Amino acid sequence: MQQPSLFSPAELPDNLTPWEQADAADRLFAEVVFNRPLPAVFLYQVPPDLRDRVGPGRRIEAPFGAGNERLIGYCVGLTRSAPPGRSLKALTAVLDTRPLVDEHLLQLTRWIADRYLCGWGQVLEAVIPAGVKSRAGTRNVVRFHLADHARGSWPEWRLPPKQRAVLAVLAGSTEPMAIDQLSQAANCGVGPIHALRDRGLIIAERVRAAPRQVPEPPPEPVPAITLNAEQQRALTAILNAVRSSRHATFLLHGVTGSGKTEVYIRAIEEVVSYGRQAIVLVPEISLTPQTIRRFRRRFSAVAVLHSHMTDAERHAHWQQIAEGRVQVVVGARSAVFAPTPHLGLIVIDEEHETSFKQESTPRYHAREVARRRAEMERIPLVLGSATPTLESWLRVQRRQDGLLSLRHRVAELPLPPVVIVDVRHDPQLESGRAIGRALQSAMQQALRNDGQVILFLNLRGYAPVLLCRSCGHAVRCPDCDLTLTWHKQRGKALCHTCGHEADLPQWCPKCHRPGLRSLGWGTERLEQEVRRLFPQVSALRMDSDTMQARGSHAQALEAFRRGDVRILLGTQMIAKGLDFPNVTLVGVVDADTALRQPDLRARERTFQLLAQVAGRTGRSRRGGRVLVQTTCPDDPAIRYASRHDYLGFAADELRQRQTLRAPPFQTAARVILRSPREADAAREANRLAELLRTSAATQRQTVRVLGPAPCPVARSHGQFRYHLQLLADEIEAIRTVWLSVQPRFTLHKDVDMVVDVDPLSSR
Ligand code: ADP
Ligand code: ZN
């Protein structure tokens with residue numbers, strides 16, 4: 001289907017009269033987009049001296065707006081014709097000697113701008129890594145090291161403290177350091193560094209920063225695996241699509257351990273044998289050494305793209321991928337833009353993970369971008385999950401996508417039994433504990449039988465609420481409409497949204513009487529309780545507070561694997577991917593955390609989480625079970641999860657969503673207006689809603705406009721937040737209405753606006 005475009009054709013006519021064409025023959029115009037939320041392509045004259053250098057996919061500099069501010073933009077096309085009678089401004093520079101993106105990627109980014117209601121230039125700016133733009137790693141950089149005569153003797157010299165700090169850093173470093181690294185590590189400006197260089201105490205050397213190459217160990221021999229019948233059927237369907245060069249999207253539905261990854265790898269092997277490349281998207285949290293090793297064992301040229309890469313590394317990878325020297329790109333969300341020259345297959349593992357949606361402009365979902373890219377390049381897309389999103393499930397129901405099911409675990413191990421424990425009247429919880437009677441005795445039993453235990457609680461810190469004993473007031477973040485979480489070990493109350501840090505107040509901020517108490521549980525408090533209940537047993541907490549140091553994550557898991565640690569407790573960090581045969585009990589301390597969120601997907605998330613957590617046990621002949629503490633034992637999400645019944649859950653939840661006329665039956669766009677002054681945000685939200693409603697009526701578009709209303713988190717980072725929601729059968733209707741309003745809606749200067757198409761967050 002042809003998508004209606006943001007870009008009105010009137011701006012780029014090609015129906016010129018003959019004399020205009022003759023005149024145009026020696027003229028050249030560049031189509032340019034800027035990093036602004038503008039739904040427009042701008043035309044510029046290309047002066048003669050830039051003609052050989054300009055081209056689509058390169059950055060240019062051009063005067064913009066009434067003040068002729070010089071902006072950097074992207075050239076997205078060239079044309080010989082321009083609308084008659086308009087005098088156009090001229091480009092002032094071309095920045096790149098080569099295109100940064102190819103034609104495919106240009107088209108894909110244009111589609112994203114259309115789909116997610118943002119500027120094409122904003123998309124390009126976000127999608128092209130900074131290191132590629134700056135050509136990081138290809139320039140000479142200056143690095144400093146200690147002068148030989150200073151080594152050893154400097155501690156005796158009398159120098160200003162900042163210069164001493166710089167020397168101390170360099171003395172402790174095995175490598176020469178760049179100036180920004182050095183000033184950061186020594187916590188000083190560049191002044192002391194220059195002073196030391198001028199005195200000859202440190203030496204500056206010019207070195208060529210060589211980007212790290214993609215390591216290419218030879219593939220290791222792997223034991224031959226014969227696919228089972230279901231795997232074989234799935235593989236055949238995917239390969240049929242690969243061989244016939246057509247697009248198809250397949251949903252590969254199977255629990256963990258059902259052999260999905262083996263199917264991806266076989267399909268990729270065939271794609272690679274044709275000299276083509278494959279992209280495998282995984283959630284950032286799954287970019288573990290195990291996953292990477294598994295691909296490296298089977299393919300000789302694997303590029304791994306994760307979020308901790310330096311600009312130079314990113315640039316090197318981008319280059320190697322573009323040159324076709326990489327067979328398989330494995331990476332998080334943004335790897336969907338990898339510039340593979342001859343893509344043959346895209347795989348998205350754990351497609352239900354929310355990290356595939358980008359939460360800043362452009363707010364794209366990697367699954368939808370992958371689908372679009374696969375359509376454009378006429379290749380298959382494979383989505384894998386044990387708990388597919390209802391979006392993907394509905395597409396299968398409507399036969400838009402193919403369903404490939406792996407119904408059994410490879411080793412024929414049964415899924416573990418899941419016991420729901422109703423803790424509404426549990427005496428231990430009533431007395432203020434987190435672990436109820438049933439969970440405690442299950443832990444005792446598992447430990448007695450030499451098993452290991454995983455406890456899951458999705459909240460870090462000691463307690464989510466600090467209450468005044470006298471008036472019941474809860475301590476809140478001064479900048480957000482949220483309570484502060486008490487972190488006992490650090491002795492601080494923290495805002496988990498903005499990072500605000502406060503000491504424990506001595507008095508209630510409201511009634512000014514002394515005495516605060518904490519309410520609810522975080523992992524820190526759970527750890528304390530576990531140590532009290534099982535003083536003889538080694539326990540370890542894993543959350544982002546305890547796992548700050550590099551490598552601590554791997555170390556902790558290794559200790560658990562060895563059996564040195566017998567109780568592992570933590571946040572979602574431990575919900576995924578871990579595979580320890582000796583774990584015979586998984587306890588979900590509070591299944592209601594996700595369920596209580598005022599969110600359309602609260603149930604879906606709860607189901608997914610429970611299914612995932614349950615997958616952490618029963619992974620060997622020893623068996624295992626799951627205990628789920630809840631105060632909503634009758635909630636369908638919990639009931640279906642306890643029976644491992646995805647099909648039942650999906651059918652039930654889809655019925656609900658249909659009744660609500662909610663996604664995935666309708667497409668949604670959420671608009672948030674933020675301002676330091678509540679009245680401004682509210683007024684602008686009302687004005688926008690009014691304009692949208694009127695436009696929907698006059699454009700005869702069936703678009704529901706809900707709101708405006710304060711967001712569930714009505715204030716965040718010091719900004720008041722109002723939102724409204726647009727719902728329609730298709731995004732086209734929303735876009736039509738949006739585009740008719742956008743030019744007429746000039747925001748008040750203190751208000752900013754976020755547009756989120758297919759929002760996953762409703763906070
Ligand atoms: P998933 O990706 O669904 O979690 P995997 O592909 O990782 O499943 O398979 C789980 C384990 O079973 C892996 O160790 C894999 O090597 C092995 N495996 C996969 N398919 C087969 C098969 N047909 N026969 C034997 N072992 C298999
Ligand atoms: Zn805050």
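**Close-up views of a predicted model**

**View 1. Surroundings of ligand 1.** An oxygen atom of ligand 1 lies 3.0 Å from a polar backbone atom of Glu262, a polar contact being a pair of N or O atoms within 3.5 Å. The model is predicted: local features need pLDDT of at least 70 and side-chain atom pairs count only at pLDDT 80 or more, whereas totals for chains, interfaces and linings use all residues. Side-chain values use heavy atoms, with hydrogens and water left out, residues are numbered from 1 along each chain as its sequence is written, and chains are lettered from A and ligands numbered from 1 in the order in which they are written. Side chains also approach the ligand: a polar atom of Gln231 is 2.8 Å from a nitrogen atom of ligand 1, and one of Arg294 is 2.7 Å from an oxygen atom of ligand 1. Taken alone, ligand 1 exposes 560 Å², of which the protein buries 69% (Shrake-Rupley method, 1.4 Å probe).

**View 2. The shell around ligand 1.** Of the 15 residues around ligand 1, those that come nearest are Thr226, Gln231, Gly257, Thr261 and Arg294; a residue is near if one of its heavy atoms lies within 4 Å. Helix H9 (residues 260–273) supplies the largest share of this shell, 3 residues. Helices (H or I, at least four residues) and strands (E, at least two) are DSSP runs, numbered from the N terminus. By class, the shell has 4 nonpolar, 8 polar and 3 charged residues; Ala, Val, Leu, Ile, Met, Phe, Trp, Tyr, Cys and Pro count as nonpolar, Asp, Glu, Lys and Arg as charged, and the others, Gly among them, as polar.

**View 3. Helices H13 and H21.** The axes of H13 (residues 390–397) and H21 (residues 646–660) come within 11 Å and cross at roughly 95°. The two helices are therefore roughly perpendicular to each other (65 to 115 degrees). Leu390, Trp393 and Leu394 of H13 make the contact with H21 residues, including Leu647, Ala650 and Leu654; contact means heavy atoms within 4.5 Å.

**View 4. Helices H19 and H21.** The axes of H19 (residues 602–614) and H21 come within 11 Å and cross at roughly 170°. H19 is therefore roughly antiparallel to H21 (over 145 degrees). Arg603, Glu604 and Phe607 of H19 meet Tyr646, Phe649, Glu653, Gln656 and Arg657 of H21.

View 5. His644, in the loop between helix H20 (636–642) and H21, has a positive phi near 55°. The peptide bond from Pro663 to Pro664 is cis, with omega near 10°, and Pro664 is found in the loop between H21 and strand S27 (667–675).

Methods
Axes fitted to C-alpha atoms, helices over the stretch in contact; angles between N-to-C directions. Parallel < 35°, antiparallel > 145°, perpendicular 65-115°, else oblique. Polar contact = N/O pair within 3.5 Å; in protein donor to acceptor, adjacent residues only side chain to side chain.
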